[in-house]
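I opened my notebook for this one with a few things to look up. Come along if you like, and keep the viewer open.

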Amino acid sequence: MTSSLLPVYARAPLTFEKGEGAWLVATDGRRYLDFGSGIAVNALGHAHPQLMAALHDQAAKVWHISNLYQNPVAEALAKKLTDATFADLVFFTNSGAEALEASIKMARKYQAVNGRPERNRIVTFEGAFHGRTLATIAAGGQRKYMEGFGPDMPGFDQVPFGDEAALKAAIGPETAAILLEPVQGEGGIRPVPPETLRRIRQLCDENGLLLILDEVQTGVGRTGKLFAHEWAGIQPDIMAIAKGIGGGFPLGACLATAEAGKGMVPGTHGSTFGGNPLAAAVGNAVMDVVTGEGFLERIQQVALLLKQRLAEIKDRHPAVIAELRGEGLMVGLKLHAPNGELVRAAQEEGLLLIAAGDNVVRLLPPLVITDEDVAEAVGRLDRACATMEAGMKPAMRGAA
Ligand SMILES: *Cc1c(COP(=O)(O)O)cnc(C)c1O
């Protein structure tokens, strides 16, 4: 079958026609346990009644008004986000990359209005992923995403992940900000230790730099806190979010303190769709659920259960799984065997997982999973690992 879609994705031969909670149903009727959530997007699973109601209600009122007029639905969501976080101000986008673009522009503008326009460089970390626009591929610094796309966007200095000496050395008179993910997602579920995050915050304060956190994947309850930086007890100046905040509707945001955002006056930035009433209505419903009584505690509880059960699977399959890592419901299995093979073997068992860098397989289940979903997923993962072992050469099986 030929496709008219630009072939930039290596799609699995699976077609889903509906979803319910943590489950997806394929066109052949087969049911799959969705432990990828469309890459941490379907935070409340599929067909959540509150999200469906919010979208239907708003769809009957008004879909789009542009940013030429007042937008009470976006106002309400911005208020919820600022009430729940360090931030005073919110700019809405349609994606994570756009939220990062806004963050990068804001950091540079902040330094410029402070009379330091030469401070326009941003320090980032190897293994980072910040999106696919020209600025965000330069920020991420991965050659495979930059090759052939013309001159690299200037203004980014990259240091090895976890190398604090290199980080200090990279800070110069032209540095505006430090940008990082509290847990690298695409890079292979690599958490930044809380004490490192605290030292990075301190470095920013000592050098007049802004701290930009990319919580596009880690945010909105994914790690068991509303935002991952809360585990370290620090606050950023600017934060990019997306993925989970829309629960499946395209929505992102750049959150900032009033100080960091002070250069962003009328005319400095904009978006036609950003904060669109349909997206904002769903975002409001997501925030209501995630900040509801006991919701985050429940994530921490089920995440602990998942971690314990995965530790057992790792012990049962040492030739396949090398290491278990992550925070909350953002879990990585670092493998000995190729990660793509485990993703395929799990798929055969009706379990959806996602590959990441560093030969890691990611588990990013909906935040609403039950203990039964965990048991079911672990059983299926166990069988997938056994299948992989059965296909290995005898010498490999004992390798670990
Ligand atoms: C997915 C992701 C992005 C990019 O988001 P898009 O919506 O694809 O533009 C940026 N940063 C992180 C950490 C992500 O996981």
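**Entry 1: the kind of model.** I noted before anything else that this is a predicted model.

**Entry 2: the second largest pocket.** I looked up its volume and found about 820 Å³ of space. How many residues line the second largest pocket? I got 29, and those nearest its centre are Asn67, Val90, Phe91, Phe92 and His269. Next I asked which elements supply the lining. At least two residues each come from α3 (72-84), β4 (89-93), α4 (96-113) and β12 (252-256). The largest share belongs to α3, with 5 residues. Sorted by class, the lining holds 14 nonpolar, 12 polar and 3 charged residues.

**Entry 3: the annotated binding site.** I turned to the UniProt record, an unreviewed entry, which gives the feature "binding site" at Gly96, Ala97, Phe129, Asp214, Glu215, Val216, Gln217 and Thr272. These positions span 177 residues of sequence, and they are spread in space too, with C-alpha atoms up to 25.1 Å apart. From this set, Gln217 is part of the lining of the largest cavity.

**Entry 4: Ala97.** I picked Ala97 from the annotated set and found it in helix α4. Is Ala97 buried or exposed? Ala97 counts as buried, because its relative accessible area is 15%, under the 20% cut-off. Beyond its neighbours within four places in sequence, Ala97 is in contact with His130, Gly131, Arg132, Thr133 and Thr136.

**Entry 5: Gln217.** I placed this residue in the loop between β10 (210-214) and β11 (238-241). Gln217 is buried, with a relative accessible area of 6%. Not counting residues up to four places away in sequence, Gln217 touches Ala40, Gly185, Glu186, Arg222, Lys243, Met330, Arg362 and Leu364. With one of these, Glu186, there is a side-chain to side-chain polar contact of 3.2 Å.

**Entry 6: Lys243.** I followed the contact from Gln217 to Lys243. The unreviewed UniProt entry annotates Lys243 as "modified residue: N6-(pyridoxal phosphate)lysine". Lys243 sits in the loop between β11 and β12. What does Lys243 touch, leaving out residues up to four places away in sequence? I listed Ile39, Ala40, Val41, Glu186, Val216, Gln217 and Leu251.

**Entry 7: Asn276.** I found Asn276 in the loop between β12 and α9 (277-290). At 12% relative accessible area, Asn276 is buried. Its contacts, apart from residues up to four places away in sequence, are Trp63 and His64. The side chains of Asn276 and His64 are joined by a polar contact of 3.4 Å.

**Entry 8: positive phi.** Most residues other than glycine have a negative phi, so I looked for exceptions. Ser66 is not a glycine, yet its phi is positive, about 75°. I located Ser66 in the loop between α2 (49-59) and α3, and Ser66 counts as buried at 16% relative accessibility. Asp358, also not a glycine, has a positive phi of about 65°. The loop between β16 (354-356) and β17 (360-363) holds Asp358. Asp358 is partly exposed, because its relative accessible area is 35%, which falls between the 20% and 50% cut-offs.

Methods
Residues are numbered from 1 along each chain as its sequence is written. This is a predicted model: local features need pLDDT of at least 70, side-chain atom pairs count only at pLDDT 80 or more; totals for chains, interfaces and linings use all residues. Side-chain values use heavy atoms; hydrogens and water are left out. On a 1 Å grid over the protein atoms alone, a cavity is a set of points where a 1.4 Å probe fits but cannot get out, and a pocket is an open set with protein on both sides within 12 Å along at least five of seven lines; lining residues have an atom within 4 Å of a point. Grid points are joined across faces, edges and corners, and a volume is the space filled by probe spheres set on the points. Helices (H or I, at least four residues) and strands (E, at least two) are DSSP runs, numbered from the N terminus. Ala, Val, Leu, Ile, Met, Phe, Trp, Tyr, Cys and Pro count as nonpolar, Asp, Glu, Lys and Arg as charged, and the others, Gly among them, as polar. UniProt positions are given in the numbering used here, feature names are shortened, and annotations may be inferred rather than shown by experiment. Buried means under 20% relative accessible area, exposed over 50%, partly exposed in between (1.4 Å probe, protein chains only). Contact means heavy atoms within 4.5 Å. A polar contact is a pair of N or O atoms within 3.5 Å; within protein, one must be able to donate a hydrogen and the other to accept it, and residues adjacent in sequence count only if both atoms are side-chain atoms.
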